[in-house]
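This report describes selected features of one protein structure, arranged by topic. The sequence and the structure are shown first.

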Amino acid sequence: MPLLIKNGEIITADTRYHADILIQDETITQIGLDLEMDDEDLEVIDATGKYIFPGFIDPHVHIYLPFMATFAKDNHTTGSQAALVGGTTTFIEMCCPSRNDDHLEAYNLWKSKAEGNSACDYTFHMGISKFDETVESQLQQIVEDGISSFKVFLSYKNFFGVEDGELFQVLTLAKKLGVIVTAHCENAELVAQLQKSLLAEGKTGPEYHEKSRPVEVEAEGTNRFATFVEMTGATGYVVHLSCEAALKEAMKAKSKGVPLYIESVIPHFLLDKTFAEKPDHEGAKYVMSPPLREKGNQKALWAALEQGFIDTVGTDHCPFDIDQKAMGKGDFTKIPNGIPAIEDRVNLLYTYGVSRGHLDIHRFVDAASTKSAKLFGLFPKKGTIAVGSDADLVIYDPQYRGTISAKTQKVNNDYNGFEGWEIDGKPWIVTVRGQVQVKDGEFVGDPSRGQLLRRKPQYF
Ligand code: URP
Ligand code: ZN
Ligand code: ZN
């Protein structure tokens, strides 16, 4: 059924204008003034007073995740509907085999979990937790299947983490295949030693999580990853960069011309380490890695985002409920790491960035959508509003005022780390390839509309 969106203000990463948008067969077919169409099936939406953004892309989420002796709480049904209500029309999920898992089996498992269950489009970063000839040939098959980004962890020793030799081999293969490598950059050995010392001193509460992974640990990991990227000629992407010290290391590489991109995630822009210091184990809700930092780091992150040095803003969405967080009572190293945010990223970034004057609206669209589409081989199908692009649109109400609450969220969790936070805007209508999936802020669409987005290598 054709869809005509009239009178909205189109805002992309580089343009802003009033026009109508005509959508046919999942695609934008016309953009112009006073568009009309003679078709009795035509659906017309009046977007007067609303912004129209390209569908937002979350470049870093965990939906299915066996981790720290439990599983993240969302499945693809809850996670994708939460994403859509929050304006995210595509997410990139981390496929995370552990060191003992067969990587091809893991890839097929992750695909089977998503297939038919996602309401929004999706793809994967292929996690690599060991490297040998079998893994190498499996990775080639996975790239041929349309996955053109890898993920490595320098942390989580003996589980997801890779050794330096393996990191070198992954990057060398990635260079050969034209694949970008995303990396969690914390020095695993330092974390292990610091955790041991803190526990031995009886420092067991969630407030010690940050002390076991101080900024130096992340700066070292970031510098090491950047150096390996430079030495191998690969293209790298630092995930969830959280602090000024790591930013300096990444900037040093960028300024030498090393192809290194930076993602930061919404919790690190807004929450600081005092949240993880809340009494009665409430701080456990705010345990993630890298940890929430001293507030001063946020100023550096916002400035780097505004200037485009931080390329993308994701979530690292990873929900664990209060009972799961309680698994780490008496030993902070057993608190499942993760903070959910897939539903709130866009509204929080819009509110505390654009609406409160810290972020240009075009940089907002770029960081929350367009840049991820470009870096991960989705552009211009995704990430922009143009004739020929997929009709993934967010008709956004900038007049909306409300607060975030776990009581109303779609995410499958019993708390929200941003409980009570004000938001200055909200998606009113969201389309996925031309179909209205969200109306009046509610999910009303097809729970299995989402497709796996197969991507081509691009970094030769
Ligand atoms: O705390 C986090 N970040 N949990 C998810 C796993 C990861 O490191 O991305
Ligand atoms: Zn991580
Ligand atoms: Zn993650």
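## Strand S5 and its partners

Tyr-51 has Tyr-396 as its bridge partner in S16. Strand S16 (residues 393-397) and S5 run antiparallel and are joined by four bridges; strands, at least two residues long (E), and helices, at least four (H or I), are DSSP runs numbered from the N terminus, and two strands pair if DSSP finds at least two bridges between them. S5 is also joined by two bridges to strand S1 (residues 3-11), and these two run parallel. Here Ile-10 has Ile-52 in S5 as its bridge partner.

This is a predicted model, in which local features need pLDDT of at least 70 and side-chain atom pairs count only at pLDDT 80 or more, while totals for chains, interfaces and linings use all residues. Residues are numbered from 1 along each chain as its sequence is written, chains are lettered from A and ligands numbered from 1 in the order in which they are written, and side-chain values use heavy atoms, with hydrogens and water left out.

Which residues of S5 are buried on its two faces? Strand S5 (residues 51-54) has Tyr-51 and Phe-53 buried on one side, and Ile-52 and Pro-54 buried on the other. Buried means under 20% relative accessible area and exposed over 50%, with partly exposed in between (1.4 Å probe, protein chains only). In a regular strand, side chains alternate between the two faces of the sheet.

## The two zinc ions

The zinc ion (ligand 3) has His-60 (NE2), His-62 (NE2) and Asp-316 (OD) as protein donors, at 2.0 to 2.1 Å. Donors are N, O and S atoms within 2.8 Å of the metal (3.2 Å for Na, K and Ca); water is not among the atoms, so sites may look incomplete. Along the chain, the donors of this ion follow the spacing H-x1-H-x253-D. His-60 is buried, with a relative accessible area of 0%, and His-62 is buried at 5%.

What geometry does the site of the zinc ion (ligand 3) have? The four donor atoms of ligand 3 make angles of 86 to 141°, and the site is irregular. Four donors count as tetrahedral if all angles lie between 85 and 135 degrees; four count as square planar and six as octahedral if opposite donors are over 155 degrees apart and all others between 65 and 115; anything else is irregular.

Helix H4 (residues 164-177) contains 14 residues and reaches 20 Å from its first C-alpha to its last, close to the 20 Å expected at 1.5 Å a residue; the expected span is 1.5 Å times one less than the number of residues. Its buried residues are Glu-166, Leu-167, Val-170, Leu-171, Leu-173, Ala-174 and Leu-177. These cover an arc of only 165° around the axis, which puts them on the same side of H4; the arc is that of the directions from the helix axis to the C-beta atoms. Their cover includes helix H3 (133-144), strand S11 (149-153), S12 and helix H7 (215-232). Gly-178, which follows H4, has a positive phi near 80°.

In helix H5 (residues 188-200), Ala-188, Val-191, Gln-195 and Leu-198 are buried. Seen down the axis, the buried residues of H5 fall within an arc of 95°, so they line one face of the helix. They pack against helix H6 (209-212) and H7. Lys-196 and Ala-200 are exposed, on the face of H5 turned away from its buried side.

## Two buried positions

Gly-314, in strand S15 (residues 312-314), is buried at 0% relative accessibility. Its contacts (heavy atoms within 4.5 Å), not counting residues up to four places away in sequence, are Asp-58, Pro-59, Glu-263, Ser-264, Val-265, Ile-266 and Arg-345.

Thr-351 lies in helix H12 (residues 345-355) and is buried, with a relative accessible area of 0%.
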